[in-house]
Amino acid sequence: MHQRPPPEEFALRETAPKIAGSGRYTGDKLTTTYDLVEQMQYLYVRVVKAKDLPPKDVTGSCDPYVEVKLGNYKGITRHFEKKSNPEWDHVFAFSRDRIQASVVEIIVKDKDVVKDDFIGKISFELNEDVPTRLPPDSPLAPQWYKLEDKKGEKIKYGEIMLAVWKGTQADECFSDAWHSDAATVNREGVSKIRGKVYLSPKLWYVRVNVIECQDLIPGDRNKPMEVCVKAALGNQFARTKISSVKTINPVWNEDLVLVAAEPFEEALMLTVEDHSTKDEILGKCLLPLYSIHRRWDNKAVHSKWHNLEKHAVVSGEKKELKFASRIHLRVCLDGGYHVLDESTNYSSDLRPTAKQIWKPSIGILELGIISAKGLSPMKTRDGRGSTDAFCVAKYGNKWVRTRTIIDSFSPSWNEQYTWEVFDPCTVLTIGAFDNGFLHGAKSDSRIGKVRIRLSTLETERVYTHSYPLIALHPLGVKKMGEVQLAVRFSCTSYINMLHKYSQPILPKMHYVHPLAMSQTDKLRHHAIQIVSTRLARAEPPLRRDVVEYMLDVSSHLWSVRRSKANFFRIVNVVSGFVGLVKWLDAVCQWTNPLTTLLIHVLFVLLILSPELILPTFFLYLFVVGIWRYRRKPRHPPHMDIRLSHADAVSYDELDEEFDTFPTSKGPNVVRMRYDRLRSIGGRIQTVAGDLATQGERFHSLLSWRDPRASALFVTFCLVAAVVLYVIPFQVVALLFVFYVLRHPRFRTKVPSMPASFFRRLPSGADSML
């Protein structure tokens, strides 16, 4: 077993950064858009274009480019071939913390094979000639400047249009600028390290109800037909069962569900196959997705007959055969569901696909990614450890990526992002990665991840904490560094937010027409593949490894460590009931006579006045909830290695957790049994985790981990105590029994308000590693 690391090493620490949003810092003017990050000063140089440059040779042209030089830092634009009036529109940003020169030089040069020729330059004194500009001020207008020679005298030919100013990271040019801290990166690689915002594609469920086929033409009429229908959409496949009707008119009436993403790039292909003759294709039908009916409720979709096409090879040519076979289908794009691409415990978005049934937003989430420190070396550069770190944050369909800080174990990003919030019971995920592009790697290395559940945050409060970045390796759990974040959850409608606690978590269609658990897992896998493929095609690409790590793609796989952690979570939940039983036993044994006498008096009063039982119970819960308010958690939850059972795991268990799936640890028989065991164990692990989550939600009712939920429950207890005191107990009991035994006509498949409220409560799953 591993030696347990000290708990304080992985603890959450509150910090005091110099940010305007915290109310503790009042520095220079800073826009409210960037009040959750520290102000960073930059010198910006925008090189727009040049004109009338002197010719290099008899052709009357040159190959110009611009070099911006400030001390030891030097930035270069691309060069143009044989162009006297080039246009660059390139911005350079120099961090003022590293500036050791008083003059910035903009030099125009002529590209040459042997040695680049000097054309002219412009110089600016930083202390005198450079103005300061901060948004929301309009951008500084570039001006034409006459070029000077090396002695500072105006030359006859050549002018350059540029602008030079002092600003902060709030400037609009910041994200697209060339940065001095990336001076070692070539011009082609600069685009791979810039910060960007990405949007996940809009996902739809494609529901295909295969009803029947008509007038199929089998290859062998002497055999009974074994016909099924295969639906294909890109790399996704789904098949119906073999029809029980073994004739040329088979019947299924079976649903197939696939995942599609806008814009629709592929068509839905339906293939009718006969398994009695080596999977003979009896016909195909191609349906473009843009022509399919869209719905967002449970209304029936009109069925439609489609002709089946069949092709045969005649004399080496593919020839279409005309025949009367048809297939009867109901096809629609189901927009009433939320297409799950995240783990259900850490979902950041619960809205349905169709915008027509979206509810208005309830608030704004603001995240400031300030800095990191103590990062572990992720690769070797020039014989020493190095890390090129960037962060990725995901909430809803919006992904954000900070710029990459080159070769630093304590990078400072100071970038701020904003999301609309539609449900408080959602999770913000922030991951830290090492950029592998700079060294030709095919993937970005994982450093660590942080999850923050919004319902555990107080509204309008700025949380500034340093979160440990914890990673599990084959040799054990390791702290990879710390990331400093500032988070603020602002509420725009408190009533709407409280109303959310009474609503079902998922859209109505998930309860009215639910999908099977196995079907949901399969569709989630396809959704993750679609999202990762689309984001990998962006520029710079958000690589598949990053997307899958942020979406917890491997959370369902078997792990002895996770199973132990979930078991001990259950034990921790049950320990409260065990303590109650021990206390009752102590009362019965007269361990404390005074306590026993008081219990006797209490039971006598309740037996003589049974109407006081429920009011007393709810009043007790109300008092306990108010008493615990002063000890409510002050910090958001974070990764807990003890809860995750990561600090006491054996090498063999870690070897199993990091083993490939399927396993590669033995012969074929062992592999089959081992994979089967892991598959079954994964389901047991999920069930155990769900049981633990339900029990932890009971604990969270009065823990004030979710201040709004605890406030609602405490208020309900007070109201219930008063109402149950006023209304006779017999009336309440009758109403309760009548409600439980109500007619099915008055029931609904949508969860009740108490059930919806309970499912929204936070649990220890938020702190699981």
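Arg13 has Ser466 of strand β31 as its bridge partner. The structure is a predicted model, in which local features need pLDDT of at least 70 and side-chain atom pairs count only at pLDDT 80 or more, whereas totals for chains, interfaces and linings use all residues. Residues are numbered from 1 along each chain as its sequence is written, and side-chain values use heavy atoms, with hydrogens and water left out.

The bridge at Arg13 belongs to the pairing of β1 with β31 (residues 462-473), which is antiparallel and comprises 2 bridges. Strands are DSSP runs of E with at least two residues, helices are runs of H or I with at least four, and both are numbered from the N terminus; two strands pair if DSSP finds at least two bridges between them. Ser466 itself is buried, with a relative accessible area of 4%; buried means under 20%, exposed over 50% and partly exposed in between, using a 1.4 Å probe and protein chains only. Its side chain makes a polar contact of 2.7 Å with that of Glu482. Such a contact is a pair of N or O atoms within 3.5 Å; within protein, one must be able to donate a hydrogen and the other to accept it, and residues adjacent in sequence count only if both atoms are side-chain atoms. Leaving aside residues up to four places away in sequence, Ser466 touches several residues, including Ala11, Leu12, Arg13 and Val483, where contact means heavy atoms within 4.5 Å.

Another open antiparallel sheet of 5 strands runs β11-β27-β26-β29-β30. Its edges are β11 (196-199) and β30 (445-453), each with a single partner strand, so one side of each is left without a neighbour in the sheet. Within it, β26 (residues 389-395) and β27 (residues 398-401) pair over 4 bridges, and Val392 stands opposite Arg401.

The largest nonpolar core has 36 residues, and those with the most contacts inside it are Leu367, Trp419 and Leu485. A nonpolar core is a set of buried Ala, Val, Leu, Ile, Met, Phe, Trp, Tyr and Cys residues joined through side-chain atoms within 4.5 Å. At least two of its residues come from each of β23 (363-373), β26, β28, β29 (427-434), β30, β31 and β32 (476-491). The largest share, 6 residues, is that of β32.

Strand β13 (residues 227-233) is largely enclosed by the rest of the structure, because 7 of its 7 residues are buried. Val227, Val229, Ala231 and Leu233 point one way, while Cys228, Lys230 and Ala232 point the other. In a regular strand the side chains alternate between the two faces of the sheet. β13 pairs in the antiparallel sense with β16 (residues 268-274) over 6 bridges and with β14 over 4.
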